[in-house]
Amino acid sequence: MPHAEKKSKREQGRQRLTARDWADAALAAMAERGLAAVAVEPLAARLGTTKGSFYWHFTNREALIEAALERWEEICTEEIITAVETEPDPERRLRTLLRQATTSAADDPLEVSLLATAAHPQVAAVLGRVTERRVGYVARLFEEFGFPAAEARTRGLLAYSTYLGHTQLAHAVPHALPQGAERDAYLESVLDTLLRP
């Protein structure tokens, strides 16, 4: 009987994991070792739980990958756009967005990891949605700045390509990029070029 009481107290002290906890753990694993690292047993160990917790929330690994990718889309696109939207000036929004996105992506290997597995159907689908959303948002900022729609779209795509190139270099050849204040000046000059009529 004392053993049953201990188990009950232990279970009461343990916080119940959510599907979001699993999705976040899957994203962390992807950032560290790629899509192949999303496996139930290692994630359960990482979360300090059992496989039963996984099956409570997901039917299979693909469902977890889908949830993780949706979480990435939410955190790394929608939440950033929402935060930037508080700035009323489109030029400041654009400058803030590029500076924050490039700085954050340089510190986080997840985007590079996802790009490396772009052939995976689930990853390809989310990368397509995210790319369209990001380019569309940046194009809208260029339109608000006064560029015609077609030119704004071209500049939005160029800005996004710059971000992706910067992100790839930051992980593959970090010494090729300027650091600190020089990095900030470099990003400002990129935007000055993109905003030039």
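Reader: E78 first: what is its relative accessible area?
Author: In this predicted model, E78 has a relative accessible area of 29% and is partly exposed. Buried means under 20% relative accessible area, exposed over 50%, and partly exposed in between, with a 1.4 Å probe and protein chains only.

Reader: Which residue forms a salt bridge with E78?
Author: R133 does, and the closest N and O atoms are 2.9 Å apart. A salt bridge here is a side-chain nitrogen of Lys or Arg within 4 Å of a carboxyl oxygen of Asp or Glu. R133 lies in helix α8 and E78 in helix α5, so the pair ties together parts that are 55 residues apart in sequence. Helices (H or I, at least four residues) and strands (E, at least two) are DSSP runs, numbered from the N terminus.

Reader: And R133, how does its accessibility class read?
Author: R133 counts as partly exposed, at 32% relative accessibility.

Reader: What conventions apply to the numbering and the atoms?
Author: Residues are numbered from 1 along each chain as its sequence is written, and side-chain values use heavy atoms, with hydrogens and water left out. Local features need pLDDT of at least 70, side-chain atom pairs count only at pLDDT 80 or more, and totals for chains, interfaces and linings use all residues.

Reader: How many salt bridges are there in the whole structure?
Author: The search finds 21. Among them is E151 with R155, whose closest N and O atoms are 2.7 Å apart. Both residues lie in helix α9, 4 residues apart, about one turn of the helix.

Reader: Is R155 buried or exposed?
Author: R155 counts as buried, at 12% relative accessibility, whereas E151 counts as partly exposed at 32%.

Reader: Which residues do salt bridges with shared partners join into one network?
Author: The network consists of E91, R95, R99, E188 and D192. Within it, the side chains of E91 and R95 meet at 3.0 Å, N to O.

Reader: Changing topic: which residues lie nearest the centre of the largest pocket?
Author: C76, L97, A101, R134 and Y163 do, out of 21 lining residues. A pocket is an open set of points on a 1 Å grid over the protein atoms alone, where a 1.4 Å probe fits, with protein on both sides within 12 Å along at least five of seven lines; lining residues have an atom within 4 Å of a point.

Reader: Which element gives the most to that lining?
Author: α6 does, with 6 residues.
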